[in-house]
Amino acid sequence: MAKINIQPDFNNQNFEKYQDFDKVMDKYNQNPTPENGGENKNGKKFNFKIFIGPGIAAITIIASIFYMQKDKKSHNEKTNETQQEELIVDEEIVFSPNIPVDTLKLNINPDSSYIITQNDYFMFIPPKTLVDENNEYVEGEVEFLFQGYKNVAEIASSNIPMNYDSNGTTYAFQSGGMFQLRAYQRNNPINIKPKKEITIAYKTELEQSGNVYYYDEQKNNWTFTEKDKGLQNTDSIAKIIDELITESLIDNINDKRVVFDLDVLTSDFPQLKPLKGILFSVADKDSLLVRTIAQTQWNFVEATINKNNVKFCFGKTNTDTNACLLTRPVVTSKKEIKSLKNKLQDFVQTKQQSIIDQKKQLVFESNKNQIYRAFKITGFGVWNCDRPFKDDDAIVQLDLKLPNGESLDEHKTFQLIRLNNKAIATGRSKKLKCKKGQKYIIMVNDYDAKKIYSTKVFTVKNQKPLALKLKETDTKQMVLKLNTKL
Amino acid sequence: MEDELTIIERAKTNPQDFKPLYQKYFNDVFRFVLSRTGDIELTKDLVSDVFCKVLQALPNYTYQSPSGFKAWLFKIAYTTTMEFFRKQKKEVSITVDETDFNRFINEIAEKNSSSENNKEQLKKQLLEALQQLNPNDLQLLELRFFDNLSYAEIAQITEKTETNVKTKTFRLLKKLQSEILKTYNHG
């Protein structure tokens with residue numbers, strides 16, 4: 001546990017009496033070159049090793065050759081402008097401030113499956129899928145944050161590195177759609193259990209098909225996961241029913257628990273029709289809630305079947321009012337089990353049908369200039385449907401000038417959009433990798449200034465240093481601009 | 001004083017010429033290190049190490065701007081101090097200015113509409129919550145709110161990007177806010 005001392009006027013204390021430049025010079029004169037752990041101009045630690053003793057002479061020779069080659073390479077990188085500079089993007093991927101983030105809070109029961117249909121995406125979470133950092137199933141309120149990048153401009157403004165490294169070759173990306181999905185419980189990130197997956201489909205304006213890539217935030221690189229796939233059902237109805245109906249469901253109707261019959265207008269909620277006539281028991285603590293539910297006109301009723309119970313959620317749209325009841329179907333004899341099985345089978349089938357209808361709706365909408373790109377994701381983070389494009393290899397010195405005349409900080413990244421094929425590559429450090437004669441636009445997202453800048457369309461004609469002016473823009477303007485230019 | 005660029009270029013070949021910049025930045029670097037060690041003698045030693053490393057690394061340093069130089073200097077101060085704590089396997093202690101801490105409380109309490117009456121209670125809770133943070137998170141908040149460095153400077157010091165630093169800071173504040181709200185709700 002850290003110790004924190006609060007001191008009045010600490011910032012105004014003067015420590016100049018402790019100055020001793022001679023001491024600094026003494027230390028420096030004893031060792032005027034960087035020791036292990038010193039810093040070079042890139043801020044990276046020197047990693048020189050000194051080998052002493054004939055027993056390790058062989059290792060020394062090998063090491064010397066290695067370092068000579070390393071030094072040679074380093075020298076070449078410094079002197080030869082055409083050498084590629086390694087792009088290290090050591091950062092956590094964050095949501096772009098320029099694109100809306102959809103926030104959804106769900107009360108998760110690990111045994112339930114969830115179907116979520118939002119404006120811009122559709123998500124299916126099977127049971128026992130979400131786990132915390134200790135690999136324990138998550139239960140309770142979970143916050144999902146979704147950001148979809150629908151077009152080239154939004155992808156470029158995201159600042160997500162668009163370089164794919166495969167066997168030492170760097171590629172730019174021609175995206176068919178990219179999104180970021182995160183989930184948190186009490187601000188702590190949660191994960192998808194290994195070998196489980198969530199199905200997600202989201203709206204994109206990009207028709208390009210491609211493989212699926214996941215951005216590995218530990219390795220700072222894209223990882224190929226699979227060929228682009230369409231939506232698939234993951235749960236068989238028979239499996240759900242078999243798990244659901246067991247003898248353990250037999251309840252004694254005469255016990256003291258509160259029992260209620262489902263009383264909703266089945267014309268409004270056709271999926272609940274098969275459950276008519278089944279009694280459900282609820283815990284005493286919910287007895288008051290049952291009366292409230294009976295007296296209220298609800299706008300939606302959703303039932304989720306688990307192995308041991310049925311969960312009903314009742315809600316009113318455009319208000320904060322909602323209620324959830326965890327219930328168990330009540331059967332008094334083994335004879336009733338068969339009947340119950342059939343009814344629940346009907347319910348599940350109806351529910352499945354509603355999923356299919358939702359998917360049909362997605363397909364229908366996709367015919368209206370909206371494409372739903374479907375992914376099976378195995379982790380929260382950034383996913384991308386993409387086709388790698390062999391990066392251009394000519395390098396010219398670049399000076400990006402901000403509107404105030406200052407040069408853009410060399411640490412900032414930019415996104416280079418190749419106009420003829422919409423390929424996006426991320427660059428940094430005042431070097432532009434490009435191909436002569438091709439048309440490009442550069443976009444820069446300055447998060448701190450909350451501004452997006454772009455250059456005009458430009459063509460590189462030779463190896464001479466290039467100075468480009470940046471002009472403030474936004475993603476909407478960029479969409480229009482790119483649509484015009486592409 | 002001559003401009004920093006001229007001094008730096010001259011100090012690359014003659015380190016004695018660095019003295020004006022040593023004098024200029026000494027107080028800030030000393031306070032930065034002292035706020036982490038809480039020990040004057042130890043700080044004197046570490047600060048001389050910091051400036052020695054600065055002189056060693058100077059020939060390879062490319063000056064771009066005063067803020068860039070300051071961030072580079074603080075980066076060396078930060079890594080030197082952290083390296084010391086790692087080697088000594090000591091817990092980092094933090095000394096913060098009371099005014100800065102009160103400003104930080106206001107930042108945290110923004111959404112809690114705290115009255116003056118419960119500021120003291122909030123201060124106590126915040127101290128407890130801060131002490132529970134992992135050292136890296138605590139360092140980030142210290143750099144931002146108690147060393148009063150910009151996101152760009154912190155990014156350079158911690159070798160992260162500005163975006164990353166900003167997001168992490170935002171999440172930490174949110175986390176602290178929710179911890180404190182939780183205590184209120186249960187209190």
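How many bridges join strand β1 (residues 3–7) of chain A to β1(B)? The views below come from a predicted model, where local features need pLDDT of at least 70, side-chain atom pairs count only at pLDDT 80 or more, and totals for chains, interfaces and linings use all residues. Residues are numbered from 1 along each chain as its sequence is written, chains are lettered from A in the order in which they are written, and side-chain values use heavy atoms, without hydrogens and water.

**View 1. Strands pair across the two chains.** The two β1 strands run parallel, joined by 5 bridges. Strands (E, at least two residues) are DSSP runs, numbered from the N terminus. They pair if DSSP finds at least two bridges between them. A:Asn5 stands opposite B:Thr95 in β1(B).

**View 2. Chain B meets chain A.** Here 62 residues of chain B are in contact (heavy atoms within 4.5 Å) with 49 residues of chain A. The buried area is about 5300 Å². That is the accessible area (1.4 Å probe) that two parts lose on being put together, summed over both. Carbon and sulfur atoms give 53% of it. In chain B, B:Arg31, B:Gln56 and B:Gln131 lose the most area to chain A, together 12% of what that side buries.

**View 3. A salt bridge links A:Lys23 and B:Asp45.** Their side chains meet at 3.2 Å, N to O. A salt bridge is a side-chain nitrogen of Lys or Arg within 4 Å of a carboxyl oxygen of Asp or Glu. The count between chain B and chain A is 3 salt bridges.

Conventions: Helices (H or I, at least four residues) and strands (E, at least two) are DSSP runs, numbered from the N terminus.
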